[in-house]
Number of protein chains: 2
Amino acid sequence: MDYRTFDIPAFQTAGGVTLDLQLAYRLTGELSAARDNAILVLTSYAAQHGDAAALFAASPALDLSRYCVIVINMFGNGLSSSPSNTPSPHDGPRFPALTIRDNVACQYRLVTEHLGITRLRLVMGFSMGALQAFEWGCRYPDAVAAMLPICGAARVSPHNYLFLDGAKAALTADQTFAAGDYAEQPRVGLLAFGRVYAGWMFSQAFFRDAHYRALGLADLESVVQFAQAYFMRRDANDLLAMLWTWQHADISANTRFAGDFVAALGAIRARAIVMPGETDLYFTVADSEFEVAHMPHAELRPIRSPLGHVAGSGMDPVGKAAIDAAINELIG
Amino acid sequence: MDYRTFDIPAFQTAGGVTLDLQLAYRLTGELSAARDNAILVLTSYAAQHGDAAALFAASPALDLSRYCVIVINMFGNGLSSSPSNTPSPHDGPRFPALTIRDNVACQYRLVTEHLGITRLRLVMGFSMGALQAFEWGCRYPDAVAAMLPICGAARVSPHNYLFLDGAKAALTADQTFAAGDYAEQPRVGLLAFGRVYAGWMFSQAFFRDAHYRALGLADLESVVQFAQAYFMRRDANDLLAMLWTWQHADISANTRFAGDFVAALGAIRARAIVMPGETDLYFTVADSEFEVAHMPHAELRPIRSPLGHVAGSGMDPVGKAAIDAAINELIG
């Protein structure tokens, strides 16, 4: 087992449910005596800590040997508490809806109470990891020196919500899903989910100019199969739990900000480099522009790649080089 | 009944199937004695001639009172031969795959043999109608004086193919679809199809800036319901038949051009105004640019609207004004 766990007994969710939760996390490198060399990396949709490692993998431009990298698995990803690993009465489709805020509240306890860190050098993440990074920056400004949200947002856009809703509808159209109480994984629905999702992950130019070849994928159908395999590592209810979390991401959806998104952005004090993908079909540069305009210490730095959303995953050499440079700047 | 029919007995499809086909069409206005005032309008996905009328509806800028407008329904749309109205052995899922080329070959017989027209003043269409307009211009250059393809392409892009494949997967994930031999319409699958499709029809900005209100739609879910209702007017097998036709559109996929797309574009002699939607998520401006660069008498004129693909449907006042102006120029 390459990860540790942290228990949060009797956590009360934003939705008012109380249950025992557990976070799975991995440390890479040594925490310094002063506990001032920690970088927090949050996970993306359907990813686990092993996937997130692609974001901060060593490269000619990136040396994190003096840092301690903490990757915390998101709820619903099959390692931290999820529909698939939670006992009755919160198992499967009865697993409560957890927000990004719920995730970050638990992560904060792990980082501060358990690891004894009061200030993180950097909080970063790709996609849903970026949603969590924004929440960290907004809610715990004293604990975040710098942040690097990659291909994400501080608030999910309506169009992004809709694309996810379409993928969900494809999964649940399979009657073997049985409202989440399936006897076995709803294979046809999961395959449909992956096929719908594959259309959104990349860009039009990615397919037009066959950039998939650089990823070792031979053709269009190979791209679809790549997406299907990526998501089918996970349980169907787990996928839908994370999807709900994604759809409801909004740093201002709480009693403090009461939906005042501009005020919530203004509360982020960390130095930030916000990196949307120039060809991302759901986290758009236009949305990031708005965010950066209302964040006190933020810079907009789009990734110039045809790989769409995947530009920020660590798989894209262009995106990875841009991420490496940004990490160096923010921790330097 | 507001349309007429034209029979094509024993038509041999590009796929090698022989069957009796019927086209449904509507004439608006009088054909002149010289038969030189005809405008041909082709139908878009899931549309019928009544829907296409939005494209050439009279406006302060458009007077077609001296013209005869012929709208021909595409195969699969429920009026022309379709899975839902064709007798055994070609009924339902046994209806043969028909290409854009098959459609246009039959349309050509209707226009020339039956209506006695040797040259059309204008061939136009939105979306799949544009696919057919390109095929007309390429295959029958002597018969087409001018063409106006709106939010379409001469060859479907791989990304467009994939988005359609995702919507199809959502529909067919519903087990009541039963490989096309359903006892009743697969309602859950059709609803999922509409929800997936709704994410593609418009643009990110359409949702971000609530442009749906200008279409009389209150919120995101109303947009989804609009899309669902639009497609659920049709039979599931009919939707899939048209979808296959769309996915395989390519003016060069035939023995004459053998896949030489540039040569096929060069064979289009009509004066053309090619109108992609600037924010269209599947028929992109970049693809239209390539086409126009290889067509001898074509002009690229993107529609500047946030309505995405729907900008070219006739529903968008910005798009409709641009279409009206282009029609006037091309027939003037």
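## The sheet of chain B

In what order do the 8 strands of the open sheet in chain B stand? In this predicted model, the order is E1-E2-E4-E3-E5-E6-E7-E8, and the pairing is mixed. Strand E1 (4-12) and strand E8 (298-300) of chain B stand at the edges with a single partner strand each, so one side of each has no neighbour in the sheet. On average, and with direction ignored, neighbouring strands of this sheet are turned by 20 degrees against each other.

Within this order, strand E5 (residues 122-126) and strand E6 (residues 146-150) of chain B run parallel and are joined by 4 bridges. B:Met124 has B:Leu148 of E6(B) standing opposite.

## Helices packed on the sheet

Helix H2 (residues 100-114) of chain B packs on the sheet, where E1, strand E2 (18-28), strand E3 (38-42) and strand E4 (68-72) of chain B are touched by this helix, and the direction of the helix makes about 125 degrees with that of E1(B). Helix H3 (residues 128-139) of chain B also packs on the sheet, touching E3, E5, E6 and strand E7 (271-274) of chain B, with a direction that makes about 150 degrees with that of E5(B).

## Salt bridges

Over all chains, the count of salt bridges comes to 34. One of them joins the side chains of A:Arg109 and A:Glu113, with 3.3 Å from N to O. Both residues belong to helix H2 (residues 100-114) of chain A, where they are 4 residues apart, about one turn of the helix. A:Arg109 counts as partly exposed at 28% relative accessibility, whereas A:Glu113 is exposed, with a relative accessible area of 54%.

Another salt bridge brings together the side chains of A:Arg304 and A:Glu278, at 2.5 Å from N to O. This pair links distant parts of the chain, 26 residues apart: A:Arg304 lies in the loop between strand E8 (298-300) and helix H11 (317-331) of chain A, and A:Glu278 in the loop between strand E7 (271-274) and helix H10 (285-293) of chain A. A:Arg304 is exposed, with a relative accessible area of 62%, while A:Glu278 is partly exposed at 37%.

In chain B, the side chains of B:Glu221 and B:Arg195 meet in a salt bridge of 2.8 Å, N to O. Because B:Glu221 lies in helix H7 (residues 220-231) and B:Arg195 in helix H5 (residues 187-201) of chain B, the pair ties together parts that are 26 residues apart in sequence. B:Glu221 is partly exposed, with a relative accessible area of 32%, whereas B:Arg195 is buried at 14%.

Methods
Residues numbered from 1 in each chain as written. Chains lettered and ligands numbered in written order. Predicted model: local features only at pLDDT ≥ 70, side-chain atom pairs only at ≥ 80, totals over all residues. Heavy atoms only, no water. Salt bridge = Lys/Arg side-chain N within 4 Å of Asp/Glu carboxyl O. Helix = DSSP H or I, 4+ residues; strand = E, 2+ residues; numbered from the N terminus. Buried < 20%, exposed > 50% of the residue type's maximum accessible area, 1.4 Å probe, protein only. Pairing = 2+ DSSP bridges. Axes fitted to C-alpha atoms, helices over the stretch in contact; angles between N-to-C directions. Contact = heavy atoms within 4.5 Å.
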